[in-house]
Amino acid sequence: MNGVEAEIVRHHEVIERWLTGAAAREEFAHFADAHAPGFTLITPDGQTLSRDQVLAEVEALYGRAPGLTVEIRHVRIVASDGALLVATYQEVQPDRTRQSTVVLQAATWLHLHETWLP
């Protein structure tokens, strides 16, 4: 597993623990810190959310998905220039799969675009 894949997997492990309620409440600060101040998310439904909106939504979902599993597959680096990197991956949950493109600078998430897969 390369460093990019490790970061994407680590990030989703935190999300999984948070949503299942297995995470300590302090883990949320580490999750929040991984997102740049200007972070944006384009959801699978086409909405564009700011960092504050994403963090508020995720924080409110603590423990709301007991038994949830999240698997990351097919991580591929699309482009890189110094510390700036673009990668794609699939996020597989029991009832749905997303194809995502992420823009990272070092281990900081700058932008994420998600699309539902059939």
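Predicted model: local features only at pLDDT ≥ 70, side-chain atom pairs only at ≥ 80, totals over all residues.
Now follow Arg17 to its partner. Arg17 makes a salt bridge with Glu27, and their closest N and O atoms sit 2.4 Å apart. This pair links distant parts of the chain, with Arg17 in helix 1 and Glu27 ten residues away in helix 2 (residues 27-33).

Helix 1 also holds a pair of its own. Glu7 and Arg10 are three residues apart there, about one turn of the helix, and they form a salt bridge with 2.9 Å between the closest N and O atoms. Glu7 comes out at 11% relative accessibility, so it is buried, whereas Arg10, at 33%, is partly exposed.

Next, have a look at Arg98. Its salt bridge with Glu91 has the closest N and O atoms 3.8 Å apart. Salt bridges with shared partners tie Glu91, Arg98 and Glu114 into one network. Arg98 is buried because its relative accessible area is 13%, and Glu91, at 5%, is buried too.

That brings us to the largest pocket, which holds about 680 Å³ of space. Its lining is made of 28 residues, and Leu41, Val58, Leu61, Arg98 and Glu114 lie nearest the centre. Helix 1 turns up again here, giving the most to the lining with four residues. Sorted by class, the lining has 15 nonpolar, six polar and seven charged residues.

Notes
Residues numbered from 1 in each chain as written. Heavy atoms only, no water. 1 Å grid on protein atoms, 1.4 Å probe; cavity = no way out; pocket = protein on both sides within 12 Å on 5 of 7 lines; lining within 4 Å. Points joined across faces, edges and corners; volume = space filled by probe spheres on them. Helix = DSSP H or I, 4+ residues; strand = E, 2+ residues; numbered from the N terminus. Nonpolar A, V, L, I, M, F, W, Y, C, P; charged D, E, K, R; others polar. Salt bridge = Lys/Arg side-chain N within 4 Å of Asp/Glu carboxyl O. Buried < 20%, exposed > 50% of the residue type's maximum accessible area, 1.4 Å probe, protein only.
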